[in-house]
Amino acid sequence: MTKLISWNIDSLNAALTSTSDRALLSQQVLHTIRGYDADLIAIQETKLPAEGPSEKHLELLKNYLPGYQVEWVSSVPPAKKGYAGTMILYKEGMKLSSEAARIGAPDTMDDEGRLLTLETENFYFVNVYTPNSGDGLKRLADRQKWDLCYGDYLSSLDKQKAVIACGDFNVAHKEIDLANPASNHFSAGFTDEEREDFTGLLNRGFVDSFRYVHGDVKDIYSWWGQRIKTSKINNSGWRIDYFIVSDRIKDKILKSEMIDSGPRQDHTPIYLEIDL
């Protein structure tokens, strides 16, 4: 059995080194993650410098999550400093190779550290932080090009061996994937274009593991906005974090669920168990 976790941490440095109330909540989530004893842990939005985690970061991370090796990719020029970024922790002793793939995405998206892939004996593990379409949907056109390039990339991997792709996909696929669909049809993450692109990705031979396990269950989300302080209390959330897997291994999925992050708003970690 393989156990996998994915979490958009919204700044690894803040989570590890700050003493703010929010950082303390993030540290509680790290303690929770530790209890799952996952084989692979994918982290998005690390917001680290181009040179990656410092020795202090790695030491603190090891205190929370001991027994792991780390692969990472950060935003590099000409992309913005301390922006986006992804990381994967894998159990010591695992035999694998890593790639920070460039997929021909527009603008600076390939330089933003959004994609990190590990190849294991049985599958590819792909960690993604999909670009947000932004305020006023100013980046929607580029986001759609990203979606196409990303789909091509996953398909190319899938031709070689099974794929498990996870991360913050920045899209609520269907109306049941957010609390207030009627008022968000023109919001980043719920436009017709983004939703259709996600459907297109699944149609390439992948399955949304959460829906595969739980069907059309409602009111279960992975993200609650920070701007409205009561969003999590009221469960006014979105499901925008996913584990998607190759169709040919979907019958091996044992669990696909959210991990309870307590009162911390923003993203909650997600969890996949699969018998490979």
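**Sheet, core and cysteines of a predicted model**

Me: What makes the six strands a sheet, and in which order do they stand?
Reply: The six strands form an open sheet with mixed pairing, in the order β5-β6-β7-β8-β11-β9. Two strands pair if DSSP finds at least two bridges between them; strands (E, at least two residues) and helices (H or I, at least four) are DSSP runs, numbered from the N terminus. This is a predicted model, in which local features need pLDDT of at least 70 and side-chain atom pairs count only at pLDDT 80 or more, while totals for chains, interfaces and linings use all residues. Residues are numbered from 1 along each chain as its sequence is written, and side-chain values use heavy atoms, with hydrogens and water left out.

Me: Why are β5 and β9 said to stand at the edges?
Reply: β5 (97–99) and β9 (206–208) each have a single partner strand, so one side of each is left without a neighbour in the sheet.

Me: How do you know that β8 and β11 pair?
Reply: Five bridges join β8 and β11 in the antiparallel sense, and the definition asks for at least two; therefore the two strands count as paired. Asp168 has Asp241, in β11, as its bridge partner.

Me: What makes a set of residues a nonpolar core, and how many residues has the largest?
Reply: A nonpolar core is a set of buried Ala, Val, Leu, Ile, Met, Phe, Trp, Tyr and Cys residues joined through side-chain atoms within 4.5 Å. Buried means under 20% relative accessible area, exposed over 50%, and partly exposed in between (1.4 Å probe, protein chains only). The largest such core has 24 residues, and Leu154 is one of those with the most contacts inside it. Of the elements, α4 gives the most to this core, with six residues.

Me: Which residues does Leu154 touch?
Reply: Leaving aside residues up to four places away in sequence, Leu154 touches Val126, Val163, Ala165, Leu201, Phe206 and Ile244; contact means heavy atoms within 4.5 Å.

Me: Why is Cys149 called buried?
Reply: Cys149 has 16% relative accessibility, and the limit is under 20%; therefore Cys149 counts as buried. Cys166, with a relative accessible area of 0%, is buried as well.
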